[in-house]
Amino acid sequence: MAKMILQKDSAAMHLRMAKRHTRLCGRLAHTKKYAAAIQQVLEQLKEKEKERENASDDREYAYDDVILCDTDLDNAVRTTFEQTRQYDRDHLSQALELLFPTGRFSDLVQMSLSKEPQEVKNLVVKLNQLEDGHQLKPLAAILQEKADASIAAWDAYQQAINRLKAIQASEELTKLAVRKQYENNWLEARKEFGASLADRIFPKMSSRTSPHKDDEEPPTSEE
């Protein structure tokens with residue numbers, strides 16, 4: 001009996017086996033209709049695989065942007081800390097205690113990628129409460145800009161993840177349609193021509209042992 005495509009098989013394996021089956025159908029008389037029967041879902045799976053690959057790339061690009069924005073935000077926090085500490089030295093003040101109660105900036109920059117921007121906004125609020133003309137107050141706008149960029153990058157990343165999940169779910173349904181039609185082609189061909197001829201229009205999944213290396217079949221399964 002012909003080897004069926006399995007649920008665990010990748011989309012690439014579904015496409016590979018279905019395309020080989022389609023080609024074999026075209027090589028024998030009276031079997032072209034089986035190629036036509038699976039062609040539509042085969043084309044749909046090609047598109048779904050392409051969509052999934054593009055969505056996967058978009059997710060990775062979005063993550064790169066998250067890291068880039070987070071690094072900019074971390075640097076802005078470090079700059080704020082350093083300038084505040086310098087300001088306290090020059091003015092014998094305690095601004096650092098107001099802005100960084102723990103006396104360190106690491107609490108902020110070591111937060112999760114999603115939480116840090118929100119915490120930095122609390123720092124922005126404190127800076128904006130300083131009197132007009134205060135030397136440190138302009139740092140608020142810089143931190144706000146970096147925090148907003150980080151939030152936007154994180155939101156875009158989450159959207160990319162959700163889009164990829166949706167496409168993967170749709171791809172699984174299309175894979176199922178390919179498997180069903182593949183199996184249906186086998187059942188119909190077996191009814192019409194018998195198992196022996198039906199086997200001929202389905203690709204073999206494993207290599208045949210041959211005493212001559214040049215005569216060996218190419219690998220047909222993903223190992």
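The request and a connected answer follow.

User: Where is Asp9 placed, and what does its side chain reach? Which residues is Asp9 in contact with, leaving aside its neighbours within four places in sequence?

Analyst: Keep in mind that this is a predicted model. Start with the place. Asp9 sits in the segment before helix α1, which covers 11–27. Asp9 is buried, yet it has no salt bridge. The nearest side chain of opposite charge belongs to Lys8, and it is 5.9 Å away. A salt bridge needs the nitrogen and the carboxyl oxygen within 4 Å, so Lys8 does not qualify as a partner at 5.9 Å.

The side chain of Asp9 does reach a backbone atom. That atom is the nitrogen of Leu6, at 2.8 Å.

Now look further along the chain. Leaving aside neighbours within four places in sequence, Asp9 is in contact with His14 and Lys175.

Follow Lys175 next. Lys175 is buried, with a relative accessible area of 5%. Its side chain meets that of Glu172 in a salt bridge, 3.1 Å from N to O. Both residues lie in helix α6, three residues apart, which is about one turn of the helix. Glu172 counts as partly exposed, because its relative accessibility is 35%.

The structure holds nine salt bridges. One of them links Arg104 and Asp107, with the closest N and O atoms 3.1 Å apart. Arg104 is partly exposed at 43%, and Asp107 is partly exposed at 31%.

Finish with the nonpolar side chains. The largest nonpolar core has 24 residues. Met17, Val178, Tyr182, Trp186, Ile201 and Phe202 touch the most other members. Helices α1, α2 (32–91) and α6 (139–193) each give two or more residues to this core. A second, separate core has 21 residues, including Ala76, Leu99, Val120 and Leu130.

To sum up, Asp9 is buried without a salt bridge, its side chain reaches the backbone nitrogen of Leu6, and it is in contact with Lys175, whose own salt bridge is with Glu172.

Methods. Residues are numbered from 1 along each chain as its sequence is written. This is a predicted model: local features need pLDDT of at least 70, side-chain atom pairs count only at pLDDT 80 or more; totals for chains, interfaces and linings use all residues. Side-chain values use heavy atoms; hydrogens and water are left out. Helices (H or I, at least four residues) and strands (E, at least two) are DSSP runs, numbered from the N terminus. Buried means under 20% relative accessible area, exposed over 50%, partly exposed in between (1.4 Å probe, protein chains only). Lys and Arg count as positive and Asp and Glu as negative; His and the chain ends are not counted. A polar contact is a pair of N or O atoms within 3.5 Å; within protein, one must be able to donate a hydrogen and the other to accept it, and residues adjacent in sequence count only if both atoms are side-chain atoms. Contact means heavy atoms within 4.5 Å. A nonpolar core is a set of buried Ala, Val, Leu, Ile, Met, Phe, Trp, Tyr and Cys residues joined through side-chain atoms within 4.5 Å.
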